[in-house]
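Hello,

Here is the structure I promised to pass on. Have a look at it first, and then read on for what turned up.

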Amino acid sequence: LVVRRLNREPVAYIVGVKEFWSITLEVSREVLIPRPDTECLVEAALQLLENRFKMAPNQKVRVLELGTGSGAVALALAAQHPEVFYAATDCSVEAIRVARANAGRHQMGETIGFVAGDWFEPFCAGRCLFDVIISNPPYIPSAEIANLQPEIRLHEPRVALDGGRDGLGHLRHIVHAAHAYLNRNGYLILEIGHDQKDALEKLVDAFGGYEKPAFVKDYGGHDRVLKMRKKEKGTLF
């Protein structure tokens, strides 16, 4: 174990578990290790859900998480609101196995439907609709990965880190594609890089399918969460 740590392998991979939102999660080298900043993503989603329940307490809410990895975000939300319908996707079959194991470990196996597939691939646009779509996608520019600390660049899955040339490749795809999978006035919530606010404001404005985006800061004071509502007449929550 000491040798593994001397080789800069993250402690979470060595012991096989990581805590997130007070939930102990199994982690393997097939999934990204959950970060504290991602709890800000959970907090933003919970605020939306709570507002939704106040406005329409009897209506069933549907939430989709894209790129679930260990299942951390979906499980954190389900722990607070088990009455919601949850679906979660990941392109890695091994990640889905880890996420399902974590759900079973915390008696949430029947609460979340985990599906292997690339982003929205398992669903039919315009027919499978959700009230909230949430994701912590890869957003690090490809050229910057070599400069990351060894624990990250040598051991965590590159597919969960690499956001393409400008870091916005997956974010751009999700912003454009999510519109067809959101219910009327549904919300898209994304974790973003600390320096990507301006670029994403321009991206969202150019797309034109959402109302003015809002940004939530992380515990270090960086703009970390982007949330925006599908642009349509009327308001649900």
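Helix α4 covers residues 72–80, and because seven of its nine residues are buried, the rest of the structure largely encloses it.

A word on what you are looking at. This is a predicted model, in which local features need pLDDT of at least 70 and side-chain atom pairs count only at pLDDT 80 or more, while totals for chains, interfaces and linings use all residues. Residues are numbered from 1 along each chain as its sequence is written, and side-chain values use heavy atoms, with hydrogens and water left out.

Now the aromatic rings. The structure holds three aromatic pairs; rings of Phe, Tyr and Trp (its six-membered ring) pair if their centres lie within 6.5 Å, and planes under 30 degrees apart count as stacked, over 60 as edge-to-face and the rest as tilted. One of the pairs is F123 with F130: their ring centres are 5.5 Å apart and their planes stand at 75°, so this pair is edge-to-face. F123 is buried at 16% relative accessibility, and F130 is buried at 0%. Another pair is F207 with Y210, whose ring centres are 5.6 Å apart with planes at 40°, so the pair is tilted. Here F207 is partly exposed, with a relative accessible area of 28%, whereas Y210 is buried at 4%.

Stepping back to the whole chain, there are eight helices and nine strands (DSSP runs numbered from the N terminus: helices are H or I with at least four residues, strands E with at least two). What share of the 237 residues is buried? Buried residues make up 52% of them. Among contacts (heavy atoms within 4.5 Å) between residues at least 6 apart in sequence, 66% join residues at least 24 apart. Along the principal axes, the C-alpha atoms fill a box of roughly 60 × 40 × 35 Å.

Best wishes

Methods
Buried means under 20% relative accessible area, exposed over 50%, partly exposed in between (1.4 Å probe, protein chains only).
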